[in-house]
Amino acid sequence: MGAATLGAVAQHRADRQQLDDPASFSMILLGDPQGYIKYDINQPLFELQTVWIADNIDNLNIKAVLCTGDLVEQNENLARNRNMLNQTSRQMWEAVSHAFRYLDNKVPYIISTGNHDYGYRSSENSRTKFPEYFPIERNNTWLDCTVAVYPNRNGDESLENAAFEFQQPKWGNILIVCNEFAPRDEVLQWTADLINSDRFKNHRVIYITHSLLDERSAARTDNEPYAITPHNWGQQVWDKLIQPSHNIVLALCGHEGEVGDFEDSIAYRVDKNTDGRNVHQMMFNVQTLGGGWEGNGGDGWLRILEFKPDGNTISVKTYSPLFGISPATKHLAHRTDAYDRFDIILE
């Protein structure tokens with residue numbers, strides 16, 4: 001096959017997506033990856049997501065990738081429970097790290113660490129392998145946009161608590177802040193002080209933490225059964241940080257979800273902050289949609305957040321490159337229900 005023919009083939013990808021408005025930019029939202037990572041047979045599906053993102057950086061004008069956490073099923077466990085995984089913790093950390101390498105030095109990815117990323121099996125303590133596998137030096141795009149970092153529970157500066165600045169025409173200054181799972185009071189205070197500082201008080205803030213909303217009902221999480229301490233659950237994060245803030249406009253999370261319909265893996269609500277302005281909150285954790293907790297990890301579903309050039313509208317689309325990559329299943333690649341495809345209008 002000649003070079004010209006190869007080039008022609010390479011131009012016809014079944015999964016290429018386009019912006020509604022070529023003047024927009026986008027961010028990609030990934031739900032909890034743990035279901036993909038805990039079985040070796042599922043791991044290529046998460047790699048498909050990150051490779052697809054890398055392949056669409058230019059045509060979707062992707063400025064950041066946002067991940068809701070729970071990168072692994074168990075942070076530090078050598079004894080495999082074959083009823084729920086077939087990987088050791090080290091194998092899982094190496095697999096998720098390998099998947100994200102497709103984005104290294106191409107686009108910032110911002111991760112809110114989850115309960116499964118701490119302790120031995122599920123947040124029994126503050127131990128985490130996250131800083132070991134995700135040091136800031138691995139992705140030079142972080143060096144360009146990271147503006148603040150706060151120490152983790154072990155006293156080490158880590159991207160578990162970090163802020164990233166983006167400047168976009170029509171949208172002005174955007175600050176994305178991620179917090180550790182069940183953030184401590186000092187983390188919430190650091191975040192509040194940062195976003196209210198002279199430098200960032202006029203930025204629009206997107207806030208990411210792993211646990212904030214329950215599925216479907218969109219009630220805030222509270223009284224969770226994890227031993228990690230000190231902690232704040234979703235209701236306390238709202239009360240102490242989000243509601244009193246002047247410039248958090250969107251809060252994102254994962255964590256919750258049930259086996260069932262798509263609606264059991266997502267949630268959305270809007271509430272007023274103390275200034276009377278809307279704060280949009282969205283939960284996205286689709287890991288059971290590929291066959292339950294021990295299924296394929298989520299059928300490749302992700303969300304494309306298109307920031308329109310009016311400077312106020314974020315169009316949300318729910319898409320799966322797993323379905324989109326083949327002409328035979330391309331018609332299944334977009335979810336079109338009202339809770340899958342909608343606009344967020346910021347004030």
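Started with Arg-127, which is partly exposed at a relative accessible area of 39%. This is a predicted model, so I'm reading computed values throughout.

Next I looked up what Arg-127 pairs with. Its salt-bridge partner is Glu-76, with the closest N and O atoms 2.8 Å apart. I checked where the two sit: Arg-127 is in the loop between β3 (109-111) and α5 (130-133), Glu-76 is in the loop between β2 (62-67) and α4 (89-100), and the pair links distant parts of the chain, 51 residues apart. Glu-76 comes out as partly exposed, at 21% relative accessibility; the cut-off for buried is under 20%.

Then I went to Lys-308. Its side chain meets that of Asp-20 in a salt bridge, 3.7 Å from N to O. Lys-308 lies in the loop between β11 (302-307) and β12 (313-319) and Asp-20 in the loop between α1 (3-10) and β1 (25-30), so this bridge ties together parts 288 residues apart in sequence. Buried or exposed? I noted Lys-308 as buried at 17% relative accessibility, while Asp-20 is partly exposed at 44%.

Last pair: Glu-180 and Arg-184 form a salt bridge, closest N and O atoms 2.8 Å apart. Glu-180 is buried, at 0% relative accessibility, and Arg-184 is buried too, at 7%.

How many salt bridges does a search of the whole structure find? I got 20.

Notes: Residues numbered from 1 in each chain as written. Predicted model: local features only at pLDDT ≥ 70, side-chain atom pairs only at ≥ 80, totals over all residues. Heavy atoms only, no water. Salt bridge = Lys/Arg side-chain N within 4 Å of Asp/Glu carboxyl O. Helix = DSSP H or I, 4+ residues; strand = E, 2+ residues; numbered from the N terminus. Buried < 20%, exposed > 50% of the residue type's maximum accessible area, 1.4 Å probe, protein only.
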